[in-house]
Amino acid sequence: MQTQFRFYTAASILLLYTVLSGCSSNKTSLVIKSEPDGAYISQTETGAGLGVAPVTLDFDKAELVNKTNRDKERTGCFRVKGYSARWMSGATASSAPAIRLCNPVGKNFTVTLQRNANAPGLEKDLEFAKQDKDSQTQQQQANAPQKQQTKVVQPVDEATPAER
């Protein structure tokens with residue numbers, strides 16, 4: 001009986017530890033958006049392409065801690081490289097060369113790169129953003145599970161009119 005009690009106690013403690021450790025994430029997300037949507041996002045320093053906005057980048061705790069960073073001991077902030085946006089019209093925008101993420105572990109951050117409204121080709125960029133959004137909506141609808149239609153079948157009375 002005592003062995004069984006120890007087993008259940010140990011199992012309960014293990015379960016509690018698993019649940020509590022699952023609540024705290026070591027991931028940090030940085031979402032890079034563009035206004036209007038649809039700009040091509042790249043890393044400013046390297047020029048490495050990341051895709052069409054919005055782009056989500058995930059960093060784990062070890063990645064952030066290993067970054068060379070003078071601020072991390074003093075402020076709890078980490079620096080990640082800056083990002084640039086290029087719209088269909090050729091208009092561009094950039095973030096700061098380095099983006100500070102303070103107390104980042106388990107948090108989500110967003111950076112929005114704003115297109116200069118006075119740059120030429122705004123209509124072209126707005127049209128592309130609309131088409132891109134429409135395309136994403138269609139893709140989501142196509143990927144959504146089809147609701148199965150349930151057909152109600154009425155029972156058939158086998159009796160002939162004479163028997164009724």
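From the N terminus on, the elements of the predicted protein chain follow the order α-β-β-β-β-α-α-β-β-β-β-β-α, with 4 helices and 9 strands in total, where helices (H or I, at least four residues) and strands (E, at least two) are DSSP runs numbered from the N terminus. The model is a predicted one, in which local features need pLDDT of at least 70 and side-chain atom pairs count only at pLDDT 80 or more, while totals for chains, interfaces and linings use all residues. Residues are numbered from 1 along each chain as its sequence is written, and side-chain values use heavy atoms, with hydrogens and water left out.

Strand E6 (residues 83-86) pairs in the antiparallel sense with strand E2 (residues 40-43) over 4 bridges, pairing being assigned if DSSP finds at least two bridges between two strands. E6 also pairs with strand E7 (residues 92-94), again in the antiparallel sense, over 3 bridges. Ala85 of E6 is the bridge partner of Ile41, and Ala93 in E7 is the bridge partner of Ala85. E6 and E7 form a hairpin with 5 residues between them, and Gly90 in the turn has a positive phi of about 100°.

Ser95 lies in the loop between E7 and strand E8 (98-102). With a relative accessible area of 17%, Ser95 is buried (under 20% relative accessible area, 1.4 Å probe, protein chains only). A polar atom of the Ser95 side chain lies 2.9 Å from the backbone nitrogen of Tyr83. Not counting residues up to four places away in sequence, Ser95 touches Gly82, Tyr83, Val111 and Leu113 (heavy atoms within 4.5 Å).

Terms used: Buried means under 20% relative accessible area, exposed over 50%, partly exposed in between (1.4 Å probe, protein chains only). A polar contact is a pair of N or O atoms within 3.5 Å; within protein, one must be able to donate a hydrogen and the other to accept it, and residues adjacent in sequence count only if both atoms are side-chain atoms.
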